[in-house]
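Here is a short note for a colleague who wants to check the fold before any calculation. Please keep the viewer open while reading the points.

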Amino acid sequence: MMKTIKFIGTTLVVIVVSIFAVIAGISFFSAPDSSGLFGYKGYTVVSGSMEPKIAVGDFIIVETDPYEEVEIKDVVTFEYNSEIVTHRVVDKTEEGLVTKGDANNIQDQGFVTEDSYIGIKKMLIPYFGYIITFLQKPIAFAIIVALMGVYLIYLYLYPTKEEEEKE
């Protein structure tokens, strides 16, 4: 029974750490001028301009598709006044893409050009942005180290049968 619990616990830890590592990698390479991680970038949503489809605290994964492939109704991420914005394309013109937040009454000022365009939203992970934001704080690092320490103490105090037989 104890072996099964430890196996399940270890498997869950490996899966969770792997997911966090991939998302952390995507986030790390998400600066507007970087190429992303394997063509993907990740962003935490900080405004309600796209609600109810995309809410504050959601985490979006954006694929850096070519600018020419953008279609009307695509949700695109772009840089505007040194901020990262994710809005829906409502029109394509010679000047660039016309965008609007789903919850906004008016379209965005200006155009999204090839220079300001980042990519198209491919995936949304609800509420995950809150976790990413929390993990960027020093207290989160301390909590993770403490939890790992508790787990190591647990393993030391309660070794599995095979480990006991080796001793």
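Which residue in strand 6 stands opposite Phe59? Ile125 in strand 6 stands opposite Phe59.

1. **Basis.** This is a predicted model; local features need pLDDT of at least 70, side-chain atom pairs count only at pLDDT 80 or more, and totals for chains, interfaces and linings use all residues. Residues are numbered from 1 along each chain as its sequence is written, and side-chain values use heavy atoms, with hydrogens and water left out.

2. **Confidence.** pLDDT is the predictor's confidence in each residue, from 0 to 100. The chain has a mean pLDDT of 84. Of its residues, 89% reach 70 or more. Among the elements, strand 5 (residues 97-100) has the highest mean pLDDT, 95. Helix 4 (residues 161-166) has the lowest, 55. Where pLDDT is low, the predicted coordinates should not be read in detail.

3. **Elements.** There are four helices and six strands in the chain. Both are DSSP runs numbered from the N terminus: helices are H or I with at least four residues, strands are E with at least two. Along the sequence the pattern reads α-β-β-β-β-β-β-α-α-α.

4. Six strands form an open, antiparallel sheet in the order 1-2-6-3-4-5. Strands pair if DSSP finds at least two bridges between them. Strand 1 and strand 5 are the edge strands, each pairing on one side only. From one strand to the next, the twist averages 50 degrees. Axes here are lines fitted to C-alpha atoms, for helices over the stretch in contact, and angles run from 0 to 180 degrees between N-to-C directions.

5. **Strand 2 and its partners.** Strand 1 (residues 40-44) pairs with strand 2 in the antiparallel sense over five bridges. Lys41 stands opposite Val62 in strand 2. On to strand 6: five bridges join strand 2 to strand 6, again antiparallel. Strand 2 is mostly covered, with four of its five residues buried. Buried means under 20% relative accessible area, exposed over 50%, and partly exposed in between (1.4 Å probe, protein chains only).

6. **The other end of the sheet.** Strand 4 and strand 5 run antiparallel and are joined by four bridges. Lys92 has Leu97 in strand 5 as its bridge partner.

7. **Aromatic pairs.** How many aromatic pairs does the count come to? The count is two. The rule takes rings of Phe, Tyr and Trp (its six-membered ring) with centres within 6.5 Å; planes under 30 degrees apart are stacked, over 60 edge-to-face, and the rest tilted. Phe59 and Phe128 are edge-to-face, at 5.9 Å centre to centre and 75 degrees between the planes. This pair links distant parts of the chain: Phe59 is in strand 2 (residues 59-63) and Phe128 in helix 2 (residues 128-135), 69 residues apart. Both Phe59 and Phe128 are buried. Tyr67 and Tyr117 are also edge-to-face, at 5.4 Å centre to centre and 75 degrees between the planes. Tyr67 lies in the loop between strand 2 and strand 3 (75-80) and Tyr117 in strand 6 (residues 117-125), so this pair ties together parts 50 residues apart in sequence. Tyr67 is buried at a relative accessible area of 17%, and Tyr117 is buried at 10%.

8. **Cores.** The largest nonpolar core has 10 residues, among them Tyr67, Val76, Phe78, Val89, Leu97 and Tyr117. A nonpolar core is a set of buried Ala, Val, Leu, Ile, Met, Phe, Trp, Tyr and Cys residues joined through side-chain atoms within 4.5 Å. Strand 3, strand 4 (83-92) and strand 6 give two or more residues to this core. A second, separate core of eight residues includes Met50, Ile54, Val62 and Ile118.

9. **Contacts.** Contact means heavy atoms within 4.5 Å. Not counting residues up to four places away in sequence, Tyr117 touches Asp65, Pro66, Tyr67, Val70, Val76, Thr77, Phe78 and Val112. Among contacts between residues at least 6 apart in sequence, 52% join residues at least 24 apart.

10. **Lys73.** Is Lys73 buried or exposed? Lys73 is exposed, with a relative accessible area of 64%. Its place is in the loop between strand 2 and strand 3. Lys73 touches Arg88 and Val89, again leaving out residues up to four places away in sequence.
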